[in-house]
Amino acid sequence: MVEAQTWTTRRMSNPRLESTATADHQLLDIPATPTAEVRNGIYSVGSHLSPNLLTALIIASWFMSNIGVLLLNKYLLSFYGYRYPIFLTMLHMISCACYSYVAINFLEIVPRQHILSRKQFFKIFALSAIFCFSVVCGNTSLRYIPVSFNQAIGATTPFFTAIFAFLITCKKESAEVYCALLPVVSGIVLASNSEPLFNLFGFLVCVGSTAGRALKSVVQGILLTSEAEKLHSMNLLLYMAPMAAMILLPFTLYIEGNVARITLEKAKTDSFIVFLLVGNATVAYLVNLTNFLVTKHTSALTLQVLGNAKAALAAFVSVMIFKNPVTVMGMAGFAVTIMGVVLYSEAKKRSKVTTH
């Protein structure tokens, strides 16, 4: 006859299985609940570093990747003689798609999000088209104008953002915000008039790139507004990058010819081109990754402030490396533009505080 077994429990103890058949009590060994890191098998990067040191390393990586991709693009397109900016941009997009897939699906730096509807797909596709236009124009401009001038023009993004926000959403800013945009524009006019290596086509495509960047930010705020459709920046890149590569493929074939064959033939005689292209495409992805990490470990406002500092530092480093001539008036114009961007950021902050 099998004797009955009963469960007895005590506070702060494991359940004890008590058998009336024996005098010995047998304890059930219940393991401690594992932490999230152990469950997922993931340990955060820099978990053994102090928070301040980790943040400093991330910001340093952000500066190096942002300035590095500019200098590599300039070297490839202007000095090395690789005159295929559309194909180069397509390589950037393919790289971003591959690295994003690995980072999200295997490294799990952010949770994977999925496209939920055809409507959401076409919204992301529209953003990809604007993204393509902006990046291609930016890379093309580096063939014709110095990095320093490119960065001066790029600093006028807030001006175009305010214009598109007004035209598309009828959003009006305060008078203080609009006044802060005056030095942004006047500074670039001053810099353009005194730029020794001014090129009209390069100037226009760089303005197009800056306007495209501003348009993307405004359109993204309109299209992906619902909570169900909002995507994390890294997930958005995962879906936008392959779409952008597909958009660029027919353009590079039509405008730049059989550039893939030309690149392969060049690689047979000069293997350095492989290193340049792979390194350039990798750094292009690191720009997006470090943007995310800086925002995560600091704030979006810090990223904006760093962007102003990056423009000035990139201009200085490019002048030191490529030895392009600069004038006092050109530097003054750049400084006025950066000052206007800082004033604009402060005015926007005060405007938000007032409205809330």
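User: Where is Lys323 placed?

Analyst: This is a predicted model, in which local features need pLDDT of at least 70, side-chain atom pairs count only at pLDDT 80 or more, and totals for chains, interfaces and linings use all residues. Residues are numbered from 1 along each chain as its sequence is written, and side-chain values use heavy atoms, with hydrogens and water left out. Helices (DSSP runs of H or I, at least four residues) and strands (runs of E, at least two) are numbered from the N terminus. Lys323 sits in the loop between H12 and helix H13 (328-355).

User: Does Lys323 count as buried or exposed?

Analyst: Buried means under 20% relative accessible area, exposed over 50%, and partly exposed in between (1.4 Å probe, protein chains only). Lys323 has 63% relative accessibility, so Lys323 counts as exposed.

User: What is the phi of Lys323?

Analyst: Lys323 is not a glycine.

User: Which class of accessibility does Glu108 fall into?

Analyst: Glu108 lies in the loop between H3 and H4. Its phi is also positive, near 55 degrees, in a residue other than glycine. Its relative accessibility is 42%, so Glu108 counts as partly exposed.

User: How many helices and strands does the protein have?

Analyst: Of its 356 residues, 43% count as buried. Contact means heavy atoms within 4.5 Å. Among contacts between residues at least 6 apart in sequence, 81% join residues at least 24 apart. The secondary structure comes to 13 helices and three strands.

User: Which residues is Leu248 in contact with?

Analyst: Leu248 is one of the residues with the most contacts inside the largest core. Neighbours within four places in sequence are set aside here. The partners are Ile86, Thr89, Met90, Met93, Cys132 and Val136.

User: What is the handedness of the crossing of H4 and H9?

Analyst: Axes are lines fitted to C-alpha atoms, for helices over the stretch in contact, and angles run from 0 to 180 degrees between N-to-C directions. H4 and H9 pack at about 65 degrees, with axes 8 Å apart, and the residues that meet include Ile124 and Cys132 in H4 and Met243 and Leu248 in H9. A crossing is left-handed if the near helix is turned anticlockwise from the far one by less than a right angle, and right-handed if clockwise. The crossing of H4 and H9 is right-handed.

User: How are H3 and H4 oriented to each other?

Analyst: Their axes come within 9 Å and cross at roughly 125 degrees, in a right-handed crossing. Residues that meet include Ile86, Thr89 and Met93 in H3 and Phe131 and Val136 in H4. Angles under 35 degrees count as roughly parallel, over 145 as roughly antiparallel, 65 to 115 as roughly perpendicular and the rest as oblique. H3 and H4 are therefore oblique.

User: How far apart are the axes of H2 and H12?

Analyst: Among the residues that meet are Trp62, Phe63 and Tyr75 in H2 and Leu306, Leu313 and Phe322 in H12. H2 passes H12 in a right-handed crossing. The two helices pack at about 40 degrees, with their axes apart by 10 Å.

User: Which residues does Ala228 touch?

Analyst: Ala228 is in the loop between helix H8 (200-223) and H9, and is exposed at 54% relative accessible area. Ala228 and Gln120 are 108 residues apart in sequence, but 9.6 Å apart in space, C-alpha to C-alpha. Not counting residues up to four places away in sequence, Ala228 touches Leu116 and Gln120.

User: How far apart are the end C-alpha atoms over residues 236-255?

Analyst: An unreviewed UniProt entry annotates this stretch, among others, as "transmembrane region". Over residues 236-255 the chain is 100% helix and 0% strand. The end C-alpha atoms are apart by 28 Å.

Notes
A nonpolar core is a set of buried Ala, Val, Leu, Ile, Met, Phe, Trp, Tyr and Cys residues joined through side-chain atoms within 4.5 Å. UniProt positions are given in the numbering used here, feature names are shortened, and annotations may be inferred rather than shown by experiment.
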